[in-house]
Each structure stands twice: as C-alpha cells, then as structure tokens.
Amino acid sequence: MDSRLADCGLLPFFVSMLRALTILLVALALAPAAGALETPAVTSPRATVTVIADHDAVAPGQSFRIALRQRLAPGWHTYWTNPGDAGQPPEMRLTLPEGASAGAMQFPAPERIPFGPLMNFGYEGEAVFTIPVNVPADAAPGSSFPIEAQADWLVCERVCIPEEGVFRLDIPVAGTAVPAAPETRALFAAAEAAAPRAAPFTARLGFEGQAGAIEVAGPGIAPGSVRDAFFFPLPWGVIDNAAPQPMTVTDGALRLGLTRGQAEALPAQVDGVIAITDAAGVRGAYLVAAAPGAVPVAGAAPRGLPLWQALAFAALGGLILNLMPCVFPILAMKAVSLAKLSGAARGGVRAHAASYTAGVVLSFLALGGLLVGLRAAGGVAGWGFQFTSPVFVAAMAWLMLAVGLNLSGVYAVGGPVSAGGSLAGKGGHAGSFFTGMLAVLVATPCTAPFMAAAIGAALGMGAIEALAVFAAMGLGMALPYAALGVAPGLARLLPRPGLWMDRLKQGLAFPMYGAAAWLVWVLSEQAGSPAVLAALAGAVLIGFAAWAIGVAQSSGGRVGRIAGAAAVVAALALLPGLSAAPRPAQAAVEAGEPWSEARLAALRAEGRPVFVNMTAAWCITCKVNERVALATEGTRQIFADRNIALLTGDWTRGDPAITAVLRAHQRDGVPLYLFYPAGGGAPRILPQILTEGIIRETINATGSS
Amino acid sequence: MTISMITRRGALGAAGLLALAPGAASANPVIGAAAPDFSLPDQDGDTRRLSDFRGKVVVLEWTNHECPYVRKHYGSNNMQGLQRLVAERGGVWLTIASSPAGEQGYVTGAQAKELTASRNAAPAAVLLDHSSVAARAYRASVTPHMFVISADGMLRYMGGIDSIRSTRPADVATAEPFFRNAFVEVAEGRAVTRASTPPYGCVIKYVGA
C-alpha cells in the first residue's frame, strides 16, 4: 500500500476493494474441488494459500496430516509462534466429522527477519504448517471425510495485511490408505525436516542484569562442528530479539550470549528452539528447555573448570614456575642487583619491570596464539580436537606421564638457553623486554610440564578463553620480578637457591602421575578394556623412552636416543588402533556394518535392501540424526521387518572412497543417506535432516512401488 | 595475600579480553526509571516536551492510522474511550506518529487534525516523530504500543493495549485490558500489577530501515 493512496483519500476505497476481493476468493475456495488433495488457493498479490493433505484416501482409524501452505511473494513474510518484535502467527480452526480429532499446528523453525532496529521471527518464500488428524475407527469406507478449515494469517512486508480464508477438503475414506503423490509427500517430508526436533541436548540459561547466556550441551558439539547458531525463545520478552548472540563453542557445549528482553519476570522454564548450522552448512533446529538460573560461564563445559578458576590456576602455575631450578637462581640474582640500586634509579627500575612483564606475557600469548591457530587449522581440515576422543585422552595420559618422568629427573629437556642471550644483553627497555622473553625460553625445561597442563585445559576452551589462560600464566610468572621492581625490599624475603628447588620439582611429578592415572580411568569408561591395555602398553614404551634418553643424556651415547625415539614412535603407532576400539553401549546400536563398495555390491546381489549412512564424528547433524531417527526403536523395527542392511561409512578422516560417493550424489560433505531398494534400481537420497517418519516414508514408498 | 592479588589480576585481564566480544546491548526503557525525555512538534507545529507535563500522568500511544491493529481499536471506539478516560482522570494523552515520509502511517499536522476530527478522538496532542527519535528512545516496536508515565516522570507501564493479539474488533470486549488497568493503577497512586506486557501490532517503520 502506498501513502499516496491515503493522501488522495483513495485508501478507504482500496481497502474495501481488497475486502471484496478476499470475500470473492474465499467463495472460490469453498467451491467443491473434485478429488483434489489441495484446496483451491486464496490468492492475493502477497500470498497464495491452500490447505493440502498427505493422503489421497484415508483408512478408518488412521492418522494423517493436513497442512496450511503459504507461498509468499518476494519481500513478504509471515510469522512464527513467537513473532518477535511485531506480527502474529497464523491460526487455523478445523471443523471435523463426528469422532475425528486433530493435534496442534506444527510450526517450522523460524528465520530472523530484521526490520531496522527491530527483529521479527518468521518465514519468507514458502511455509508449511502441518496438523495431524485422526480418522475415527468407525468411518465407513466409500464415504467422504470432510474437513473445513478457517484460517487467519498476517502477511507483512513494510506494511501488514491480515488475510483469511475458509478451505474445504473432502478426502475419500477407503479400506486401505492411499498416500499422496510423491511431490506432495516431499512437501510434507520437507515440513517435517524444517520443524524443530527433540534433541539429546541439555540447556542452561541465566541472566545477570541485562546480560545473560544460554548454554546447550550434547553430543557432536565441538569447535569444528558448528558454524552458526541462534536461540529463538518461545515466550515473549525473554530476550532482546534484535541483539546479536555471540557464540562460543567448546568441546560438548555451545554458548550464546543473550540480552534480556522486556518481560518483567522469566517463566519457570524457558522453552525455545536453537537453530544450529553445522560445519557443512546444514541447518538443524532443536527443541530446548531451560530453567533460568546462574549465567552459564563461557568455556565451562560440564566437566571443565569455570573460567575464573582456570585463570587463577594458570596464574598460580605461572608463579610456581619461578621456583623451578632453571628460573629461580636468575630471579634471586636479579633481586640482589635490584636491591642494591639507589632510590634515584627506582623509577627506571619500575619501567624495566613493566617491559619485562610485557616480554613474558607476550611470549605466553604467542604460544597461546600458535595453539589456537593450530586448532582452528585442524578444525578447518576436519579433524577438530575432541577431548572426548579416546586417541586424545590416551595421548594426554602419555604426555602427563612423560612430564612426570621429566620432573622426577629420569631425563632432561634441553632448553635453547643461548638463543636469546645477545638480545637480552641489550640495554634499555628492549633489553628488559627480551630478558622477559628469554626467561620464558630459559625456563622451558621446567615450564614444559605446566605448559602441557595449560595446553590440555586450553584445548577444550574457546579462543579468547584459551588466550586469557596463557596471559594469566604469563602474568603469574612475571609477578615476582615485577613486584621486586616496585618494592626491591621484598628481596629479603626470598629464600636462598638450594637443594629444596630440586626436591620441589621432584615432588611435583606426583600430581602429573595422578593426572595420567585419572585419564586412563576416563579411557576405560569411554572405550573399554582393550583401550586401557593399549594405553598402558604405550605408557611402558614412554617409560622406556624416557629412561633410554636419560641414559644417553648422562653418558653421551647415541644408542639410547635412537632407542628412545623408536619407543616413542612405537607408542604413537598404537594410537590409530585406539580410535577403532569399540565404544561400549549406545554407539553400537546405530552403527551397522562398515560401508564399502564391495560390501554394498554383495548385499545388493543377495537382493537385500540397503540403507547407507555416511557420517563423521565431527558432524553434529549426523550425530543428532543417528540419535533421534536411526537409533530409535521404531526404525530398528522397520529395518528388522524388511531385512534392511545398514552400512555406515565413516568420513571422519576423509576416506577418498566415501568422498567419491558424496561427489556422485552432488554433495560436498556428510550427512548423506541413501536407500537402495531390494531388487536393484537407483538409490533414493534422503534429506540431510532425518526423522523416523522420513525414514519410514522412504522405505514404505519404495517398498510399495 | 599474594595469591589473591594474582587472582584478581588474572580476572581483570580476562574481563578485558572478554569485553572485546561483540553484543553490547542498546539501552532498554526500564520500568521504575526516569522515562526518556523528547522534544517533538505537535499537529499545530508547536514543540512539546515530555518534561512540560511533569506533575501529570502521561500516556504515550504509538500510532499508524492505516495499521489494521490500530484500526481495530479506533473502529471499535476502544481507543477514543480510553483517551476520554485519561482526560477525565486529569492525565495527558500523547499520540505519537513515527512513520517517516513515504511510509504507511505518515501524517502531516493537517492530516493528524483531520484524523482526530473524523475519528472523534480525544488526545491532548498528536506528536510527529518523522525521524523516529522518540520511537528509538522508547524502543517502540509496534502500533499501537502503549506507555504510562507517572506524575514524577517515571516509566510505570510499557506494552500492549490488551491481551488478545488480533485484528478482530470483537476481541476488544473479551480481552484483558492491560493498558487500562495500568493507567488506573498509576492514576490512583497504586503499584502496577503488570508493568510490562507483550505489545502487538504492525511493526514501526524506522527512518532508514
């Protein structure tokens, strides 16, 4: 509508024209439509709306679906249950025959539709709202099952127009149900895939003042597996709809920052939909419910530390580094020389302390940045770090063991001590800055253990949190020197270097052994006793390597080093075996047999129908589909009844044979689901968002043809 | 001692880093806080400020006369009845039109006067917010969007005119009148039972949107 119409006083005329037109269209829609599954459309320049059924004929006692189908002109949109800052969801009231019943209208997951500073939640293009309908058991075959639907919907572009329609469907009742034509079934399958699904996720939500967050935890969530996410709450006023939702993804958990909306109080439970776009660009929407509580903290996966604790431990770890035998003597020397300075030079000393601190912190940040960069590269390459993967857990256990053996004095780690000596020798602030960096380098033999622990913790965190942990560690390490710069008198409080430093170092080996023991226990829970055996065999090899290297270091022999390196290589060779170790319980349920072209050909030669599931460990859409659609009792029953073989192709490491299959079906990535009917023929490709209903429909459709 | 100092330092460093994350929110109007002041021309071209009305209960009604939700409340005479109620109780009713030129709901001063006359409406003034300044200050999102400000200039109510989100005039009679209840409570000096409710209506056309 144009404001000029209003200016000329034409608007009332235009509105009454519209009304007349709508009435005419409603009348048209009421005209009987012989045998049609889809009613005549209520049409406006904005929207073409029909009611459609997923069956050509229904059987007594059957449940089927009808849908309100909206095809919208470009630029126009309709609304979700929570329409956002304006608008209204469509409504439909049904008049059904005696004894029949209908369920609630199912809304597809919404899109964000921004409008200036405001945000609406709704649909553009085509939107299909389904309703399940139950046919009474006493419906007579040969009769008709009439449905009258009165629908209202608001369609908006820059202006909003309320529209309405009355639709009538007469569906034949038959002894056997007749599903609709394939295009119509595809429409309903797409609607089912677009609806938010129950998901194996747990959610926590909280606000403090205006700022808050929602954290969703569950299988498959990892930094490499999620590209984008948005939380749509069902109730009004929980969040500021237009505020950005900054995302942090850690292993197993996804956090979205939220801004509080205008509702005075939060409901006891906030229901909503989280839409997650996975690394391959597939969008899935999942139902979540969260009781409002404390604000979920970034990086706090269920088993992890809260960020402030991780930072405190990192700073404490950095502080302890100063007590290591390779750092403390330098600190003590510096302290003595500082204490000798006269008052006049104090100001300069403080500036030097600041430069030194900057050198230390920047060195740590560089290490942290390197780690974050490597992890991002890994995520891009498709091998996202999985703290939950048995390979990672075993490798961490061995690392902790190696660190402990180092602290115990079995072998030493050579530090590049001389490298930065000339730089640090420079005068002025640059000299202090490089002294700080040198301190980090010199300390490497002793800091490595703590760095390893910090790296382990940081792997499970977001980039910013990981960098914060490294910065905290650097601050902790620089603190004593900085404190001495500010108050040189503190030097008197320092203990003298001595044997206690070695004893302390050796004592610290035991927490490392403890960590290794704990990780082996984690492994036993994850992957069972074969994995524990492999991990312990690797531990023996690591122990041997440490001893051999230690002997070589004290006697200068070459043989020990070679033997040690060989043992480390042997231990690493055990790792791939670990990843293949069977995971107990639920994973086996939907796994089926491993996919190969040969196995597929053999099964088809036997005349068996085959369902192929191409998946990957880091693919969140795949993992959710497996839980909610493939591993269900209903699907297993269908597979058993029809003697369908399930072949699973694991693309986690980019198997080229699977890549070829994906390419052959015009896909760049997983998931890919193929159903090969019995008796040959081309496979049916299933949608990337899978439900039990879609699997059943596909199998039944091919079975009946 | 030392350790607690380190912890605080670490936490400060982290806070600094986390502050880099995007998502700083724009201010929302807050119930119980001072209502944002504004200065807008009325239908006669006179400048009106919210602060001019200190000492009286002020009602703000965002409008777009072509919006079906606004028509529901003018067509059923609900809005005019509320305007008279507010006037009788000594309150000031300000109708604000925030549509910029070229958008649905845009009115000149003359058109605003004509609409008031033809609809038998009774606002104290119609304010022209053609650059959406007041709409932004109140985060007004729809028409009609209602606000009640007490005599001391504090925001007491924001939200919908009533409880039934529809364009059907027949629903006015059965809806819970959120705005009316809130106004009466403010006028009688009582606490507002429901101070923030879901507004419903046509989205407000902001300048540049």
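Biologist: Which residue of β5(B) stands opposite T95(B)?

Modeller: In this predicted model, strand β4 (residues 92-97) of chain B runs parallel to β5(B), and four bridges join the two. T95(B) belongs to the pairing of these strands, and the residue that stands opposite in β5(B) is V126(B).

Biologist: Which residues of β5(B) point the same way as V126(B), and which point the other way?

Modeller: The residues concerned are all buried. V126(B) and L128(B) point one way from the strand. Those that point the other way are A125(B) and L127(B).

Biologist: Why does L127(B) count as buried?

Modeller: L127(B) lies in strand β5, which spans residues 125-128 of chain B. A residue is buried if 20 or more other C-beta atoms lie within 10 Å of its own. L127(B) counts as buried because its C-beta neighbours inside 10 Å number 23.

Biologist: Which residues does L127(B) touch, not counting those up to four places away in sequence?

Modeller: The surroundings of L127(B) can be described by both distance and contact. Its C-alpha atom is separated by 9.6 Å from that of W62(B), 65 residues apart along the chain. With residues up to four places away in sequence not counted, L127(B) touches L40(B), D42(B), R48(B), L94(B) and I96(B).

Biologist: What percentage of the contacts in chain B between residues at least 6 apart in sequence join residues at least 24 apart?

Modeller: Chain B has seven helices and nine strands. Of its 209 residues, 45% are buried. Among its contacts between residues at least 6 apart in sequence, the share that joins residues at least 24 apart is 75%.

Biologist: Does R168(B) count as buried, exposed or partly exposed, and how many C-beta neighbours lie inside 10 Å?

Modeller: R168(B) lies in the loop between β8 (155-159) and α6 (171-174) of chain B. Its C-alpha atom is separated by 9.2 Å from that of H73(B), 95 residues apart along the chain. R168(B) counts as partly exposed because its C-beta neighbours inside 10 Å number 13.

Biologist: Which element of chain B has the lowest mean pLDDT?

Modeller: The mean pLDDT of chain B is 87, and 87% of its residues reach 70 or more. Over residues 1-26 of chain B the pLDDT is below 50, although this stretch has 43 contacts in the model beyond near neighbours in sequence. Where pLDDT is low, the predicted coordinates should not be read in detail. Among the elements of chain B, strand β3 (residues 58-63) has the highest mean pLDDT (98), and the lowest (32) belongs to helix α1 (residues 2-18).

Biologist: How many contacts does the stretch of residues 580-589 of chain A have beyond near neighbours in sequence?

Modeller: The mean pLDDT of chain A is 79, and 77% of its residues reach 70 or more. Over residues 1-17 of chain A the pLDDT is below 50, and this stretch has 13 contacts beyond near neighbours in sequence. Over residues 580-589 of chain A the pLDDT is also below 50, and the corresponding number of contacts is eleven.

Biologist: At roughly what angle do the axes of α4(A) and α11(A) cross?

Modeller: The contact of α4(A) with α11(A) has 15 nonpolar, four polar and one charged residues. The crossing of these helices is right-handed. The axes of α4 (residues 307-321) and α11 (residues 463-486) of chain A come within 6 Å, and they cross at roughly 35 degrees.

Biologist: Which residue of β19(A) is the bridge partner of T248(A)?

Modeller: Another open sheet of five strands has the order β18-β19-β16-β15-β22 (chain A), with mixed pairing. Its edge strands are β18 (247-250) and β22 (292-293) of chain A. β18(A) and strand β19 (residues 253-259) pair in the antiparallel sense over four bridges. In β19(A), the bridge partner of T248(A) is R255(A).

How values were computed: Residues are numbered from 1 along each chain as its sequence is written. Chains are lettered from A and ligands numbered from 1 in the order in which they are written. This is a predicted model: local features need pLDDT of at least 70, side-chain atom pairs count only at pLDDT 80 or more; totals for chains, interfaces and linings use all residues. Two strands pair if DSSP finds at least two bridges between them. A residue is buried if 20 or more other C-beta atoms lie within 10 Å of its own, exposed if 12 or fewer, and partly exposed in between; C-beta atoms are placed from the backbone. Two residues are in contact if their C-beta atoms, placed from the backbone, lie within 7 Å. pLDDT is the predictor's confidence in each residue, from 0 to 100. Axes are lines fitted to C-alpha atoms, for helices over the stretch in contact, and angles run from 0 to 180 degrees between N-to-C directions. A crossing is left-handed if the near helix is turned anticlockwise from the far one by less than a right angle, and right-handed if clockwise. Ala, Val, Leu, Ile, Met, Phe, Trp, Tyr, Cys and Pro count as nonpolar, Asp, Glu, Lys and Arg as charged, and the others, Gly among them, as polar.
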